[in-house]
Structures are given as structure tokens and as C-alpha cells.
Protein chains: 2
Amino acid sequence: MAKKKLIVQKYGGSSVGNVDKLKNVADRVAACAKEGNNVVVVVSAMGDTTDELIELAEQINAYPSEREMDMLVSTGEQISSSLLAMALHRKDYDAISLTGLQVGILTDKYHTKAKILRIETKRIKKELNKNKIVIVAGYQGITDEMEITTLGRGGSDLSAVALAVALKADVCEIYTDVDGIYTADPRIITDARKIECIAFDEMLELAANGAQVIQTRAVEVAKKYNLPLHVRSSFEKKEGTIIMNKNANIEDPLVSGVALTEDEAKVTLCNVSDTPGIAAKVFNELANENINIDMIVQNVSRLKTTDISFTVLKSSLRNAVKKSMELAKKIGSGEVIVDEDIAKISVVGVGMKSHSGVAARCFSLLAKNKINIEMISTSEISISCVLKKSEGKKALKVLHAGFELESKKGSNKK
Amino acid sequence: MAKKKLIVQKYGGSSVGNVDKLKNVADRVAACAKEGNNVVVVVSAMGDTTDELIELAEQINAYPSEREMDMLVSTGEQISSSLLAMALHRKDYDAISLTGLQVGILTDKYHTKAKILRIETKRIKKELNKNKIVIVAGYQGITDEMEITTLGRGGSDLSAVALAVALKADVCEIYTDVDGIYTADPRIITDARKIECIAFDEMLELAANGAQVIQTRAVEVAKKYNLPLHVRSSFEKKEGTIIMNKNANIEDPLVSGVALTEDEAKVTLCNVSDTPGIAAKVFNELANENINIDMIVQNVSRLKTTDISFTVLKSSLRNAVKKSMELAKKIGSGEVIVDEDIAKISVVGVGMKSHSGVAARCFSLLAKNKINIEMISTSEISISCVLKKSEGKKALKVLHAGFELESKKGSNKK
């Protein structure tokens, strides 16, 4: 007899948004178990539960303690996982829900953004050996002092990936309300195409650049352990997108997708002295404030000074500007210029690694359409440009069409 | 310097029913801490949270597993306790919330009705030593296999009493939405009087007989460890009712209170063979079905058979009748008669112990008002009568007035 496969499935908040959706998830889980698989299910909180709990907390205390926030919001996943177990019982499947504590998802002590240190597999294996479907409350863990922690927004993805790695699962499926990863946001680009298979690195570039289907950290961990992920819809049967370790192939398209981000702002420190270590000083101090910097651009210097620009999420802007002003004073640089009226467009593809000319083509497509580029930053597999905010959507369309992402034929091939 | 007092306070669901009420509780807790006391607070779930969670479960599975129900409903107290911690932080008091698991409230494995086996005090003492107010999620515990259990309806009272015993607290205060224990239900008897001090045994009789201010098991445990309880309102400053070990005093009233129960039904097994062991057999089998029997009456036998009547909660009636029918068949008795149209009236007082004539006075008060008694059962400190349901409220008024419970003078003295 063939060995049973072990499948880890993760269902997001929108997939378990109400009683009917929860029953639908139970159907899918049951079908997977019926095929003879061992199934471990990770669930998020139902719909907007987490946001509602946060709102409740803020009514009581505008600056709630992070430790108590974790106590509070971790209940959301405990609720959905126990209800899913009941829904499976209803269908005569044996199932058991477990909290992060009961599983033994050990994390560090950083409440609301904890990192997983280790996952105990004993309890889950014991339940699987009793032929039970194991449902794990996502998003949460526990410190070695039994304090409840959570893993940050989208943390249930990370729970699923980390469990799949720890349990050496055969497959890790991420169920969500979209049916896969697209060449661009289908709400903007109506002929965007679903990608069948995408490399971890491409996904990381796309995720960091606005495609919020799956949590970035989860993809990083999957990459580290070479665990293929299958992102798919919880409402449809069809296959979604496989995220895996993919070598650039001669038949691969140059560009896999384009992404647009409108929630960043640009900060420029003018006339920074061009001496070694200044950039390190600037970004170390910002990092110490927990300000997450995205793009960084420093141009060649003129007259021994240079301008350093960076982009940050608008939610961190106030803090970033305050810190930058302090820094500017300390290092004796010029003024600090802030621009909130920006969009960032990114072109991503492992094909770029082995093929030049993509950047040039990107820039000329934008130029031909009279879209001005304010900032450029490139990596091995991506090109990001900062534009005026009003031109973001247009640029997305131009690039999606220009790289012929909607079709499978054409010049988007090496 | 005087040793700090340790005070355990319990706030029920109606006391923490919304954000404002929760802030009110924080004020009271803070005031107690400010007086220089160590404070341990036990909270119930907010308002109707528990009922809402149960309803949600029943939408998914009409017969939800008790293990998963405990996973589900225990979140209610986790939510309210973390919110109360945040409310205290807001007032600059150091506080920490703990789940039953984090405290170490060890119970047996009987989900939804677990019994407390042991309470670890290490974690709570550690937090108290850091001058923190400790907030404990009520109603819940944990088995030695890390399974979450709950203690049954009103279980937060039991959490508070058990914690007070384990921590050797100086006082255990039960905060609720009424300001104490009354001589009768004040919603029916408008001139019912608040009792200043009541004996454990009287409270047990009153609690079992409809006065649902405090959980019976909690009073039993308080009695066992001689822990005085103070039942009081969370919305008013005034003192409530002290429940304590009280010796009958010459000045005590004969009767402390009267109670009415309308949620029971009467079941009669007719013509049961009057041989030893039959009653034991009957009630053992009912107990095995977890059917909680209240009054039991067996009359002297005529012609070697007798009738056995008992009362049960209407919620258990269907099950009790089914089992009784089976039993009747097995032991060869006669028919099973069910009467749902009953009320039970109870007269309670430690004063009865040392003074006769209370029963006679009770019966004649009812007779004088043409109220027919269908069943009588007495204990050392109580007399209970089953009546027609339509006469219950009238009987309550007659007895409350007849024993002059509304006043402090008069003939209700020895």
C-alpha cells in the first residue's frame, strides 16, 4: 500500500468568513481526507474578526499592550478552528482543533510580530495516527514561558508553511479568495493572466510590491526549505499557482508579472556628505526605529555631497520624516523633502537574470507613453520605478501590454 | 507595615457587558489596588458572548462535541480578561491577564462540566510579587494533557472561590448585577429585603431553589474551606450579602428567605414494588444518564407497592421520562405520570434547625390561602412544596408576608 500523503491546507479569513463558507471549507477538507491523505488544516480568524477585536481594544485603550493584544486576537483563530472541527464532525469525519500552544509552535518573545523558533510535532503526529484531521489555529504561537504570541499580519500563511516544513508535508496548499497569482492585479488589468508556476524569488518581488495574496515571510521560509506552495481558490476546484524553486528555462517568459504599489511615500535627504558610512548610519537609525524601508536610491555625488532617497509605507512616514530630520541635523546635511504623491511600478521575472535589455525595454515603454520616471532601483530579477501617483495605473497597463503578459505567445520570450 | 491583604474579586458577564461597564470594573479594581491590596480578578465573558458562541456552534453542528465547545467558549473569558488588563493599563495600573492554562487551573477531563483538581499558585504569586493586578479568565481550566475544559454554567464563581482558597485570600467578592441576596426574588416580591448575612447552608438551599445569584458549587467549595463570600453589586458602592459559616443565633429569624422555581417538572413512577433497593436502582440509573434529580418523594406503601415521585429540570425531562419508562418496564411497575404544570416553593432558614413549627406554619399559611400542596420534602433547614404552577407566585407572596420577611421585627424570631 502506498504511504499516505500528508497535506497541509491553509484557509484565510475570507474563506471562513461565515457559517456557510466554513461548511464549504469542511467539504474541501473532507474531500482531501477521503482521498486517503493525512490532512493538517491551518485556519485564520473568520472574516473581519481580528479587525473587530482590534477595534474593541482601541475603544478601551488607544495604545494597548502588545502582550494583551496577542491574548485578545489569538482567540479569533481558536474560534474558527473549533468551529471547523465541529463542521467536520457533522460530516462524520474525526477532527480535532489545536491552539498554537497545544501544538507547540514555539516563538520568540516579540508580541504581535513573533518569529517561529521551533515546532513540536508530537501532538499533531499523535492525532494523525488516530486518523484525525488536525486543525491548527493559525497566526499564533507560544513562548517558552507560556505567553501567547502572534506572528503578524498574514501570519497564518507562515503557520502553514512552518508546519508543512516541520511535518515534512508533501504539499502545502494556501486557499484564498483569488484563484492564483496573476501577471498583474486583475482588478486593474482585466486581461491579466493567471500564472501556472512562479519562482520563489519572483513571488517575493511581487509580494513585496503589492500582490498581497500570500505573506512574504511565508514565501521566504518555503524558499529556504524548498517547499512548493500551491496558492488556489477555496471556492473553485481548478488549480491555482504553484510557487516553487524554478530554474530559469529557455522557454520562460522574460517577465512574469508587473505590480503597482500606491501606499508608499518618498523621502529625500538632500546634500548628504559623501563620506563612507553615512548611508549605513542613516538606515541603521531608521531600522532601529522599526521603520521598514523599501527602495533606496543614492546617486553619484556632485561636489562631495549626494542626495539619498528612499520609500516607506505611508503608515511609517511620519515617524520616518521625524527621524530623518533629526538625522539631517546630526550629520549636517540639507533639507528633507517628502513626496506622498507617488506610485511604484515593478517588473518581475527570473528570465531577466540571464537576459539583458528588459530594463531598457521597460524604460522606453514608459517614455513612449510620456510617463516620467522619478526613481529607479533594480535587482537581479526585478526593476522598480517610482512615478507620479496619477500615472501608476497607466504605467501598469502599458507594461503589462508591452511585455505581452496577457498572451502566451509573442516577444516576452527569450 | 501591615501585610498587604489579598482580595479575589469576580465580575460576572453583566458586569463586563460592554466597553463602558468594563471601564467601570477597571475603576473598582483600581480602587481596591490603590487601597494597598493585592488584587486577583476573575472575569466572565462579556454579556451574551457565551450564548452567542454556543448559537454559532449549533448553526454548524446541532450536537457539537463537548471538547470543541470548550475550545470555543473559553475564548469569551480570554477576550474579557485581556480587555480588562488594557483598561487598567489605561489608568496606569500594572495588570496582566492569564488564561486558565497559564495560571494552571488543573481539572478533570469532563468537558463542559469539569471539576477543579488543583490550582497552581506559582505564576499568580510571581505576578503579584511584581505588584501586578492579576486578571484570570474565569470558567476555564486545563487537563494534565493540555486540553481546555470549562466548569459549567456559572463556573467563574467557582474559579474565583477556588483561587481564593488556593491563594489563601483574605476576602472573596462576587460582583454581580444585583446588590445581594434577598429574602425572595425582588422582581416578584417588591418588598423583599436584602439579607446582610446568610449561612452557607441557607445559601445552598436558596441557590438550589431558584436564587441564581451565585453558582451552587462555588458555595459548596467556600463552605468546605470556610471562605466567607461577599456578594455585591458592581454598579453600587454599598455592601451586599456576606455568605459565611454562621451558627444559629437566638436573635436569628426562623426563616431567611423563600424561593420559587418554575422550571421543573414532576415525574411519578406508579405502583413500584416496595422491596429494598428499588429506589436506589431507579435513581442510580437516572444519575448514570446525568439527569439531575431535585426533590424525591416516596410515600408509605399500600398493598406492597408504592409511588415514587421526583422533580427534574424541564431541560432534562424528555431524557428522564424515556429512562423512567424503560425502568418501569424492567422493574415491572405501573405507568409513568408526567406533570409539567408545577411550581416549587421553598422556605429556608438555619433557625428551623433548633425550632419546630415552621413546617406547620408554612402549610397553614398555604391552606388559609386555598393553595393546594402536591408534594412535600424537607431538610434540616428547608421546606419545599410542589404546587400548581399558577399558584407559585401567590404562594411566594403569602409565605414572604406570612413569615414577615419584609420587616426586621415581628414574629419571624425564635
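User: Leaving aside neighbours within four places in sequence, which residues is Ser333(B) in contact with?

Analyst: This is a predicted model, in which local features need pLDDT of at least 70 and side-chain atom pairs count only at pLDDT 80 or more, while totals for chains, interfaces and linings use all residues. Residues are numbered from 1 along each chain as its sequence is written, and chains are lettered from A and ligands numbered from 1 in the order in which they are written. With contact taken as C-beta atoms, placed from the backbone, within 7 Å, Ser333(B) touches Leu269(B), Cys270(B), Asn271(B), Val272(B), Ser273(B) and Ala328(B).

User: Where does Ser333(B) lie, and is Ser333(B) buried or exposed?

Analyst: Ser333(B) sits in the loop between helix H10 (317-331) and strand E17 (336-339) of chain B, where helices (H or I, at least four residues) and strands (E, at least two) are DSSP runs numbered from the N terminus. Because 21 C-beta neighbours lie inside 10 Å, Ser333(B) counts as buried (20 or more other C-beta atoms within 10 Å; 12 or fewer is exposed, and in between is partly exposed).

User: How should I read the sheet of chain B, and which strands stand at its edges?

Analyst: Strands of a sheet pair through backbone hydrogen bonds, either parallel or antiparallel. In chain B, 8 strands make an open sheet of mixed pairing, in the order E3-E6-E2-E1-E9-E11-E12-E10, a pair requiring at least two DSSP bridges. At the edges are strand E3 (95-98) and strand E10 (197-199) of chain B, each with a single partner strand, so one side of each is left without a neighbour in the sheet. The twist averages 20 degrees from one strand to the next, with angles running from 0 to 180 degrees between N-to-C directions of lines fitted to C-alpha atoms, for helices over the stretch in contact. E3(B) pairs with strand E6 (residues 133-137) of chain B in the parallel sense over 4 bridges, and Ile96(B) stands opposite Val134(B) in E6(B).

User: How are the two chains related?

Analyst: Two copies of a chain are related by a rotation about an axis and a shift along it. Here chain B is laid on chain A with an RMSD of 0.2 Å by a turn of 179 degrees and a shift of 0.1 Å along the axis, the superposition being by least squares on C-alpha atoms of residues with pLDDT of at least 70 in both. That is the relation of a two-fold axis, and in chain B the C-alpha nearest the axis belongs to Thr75(B), 2.8 Å from it.

Conventions
Contact = placed C-beta atoms within 7 Å.
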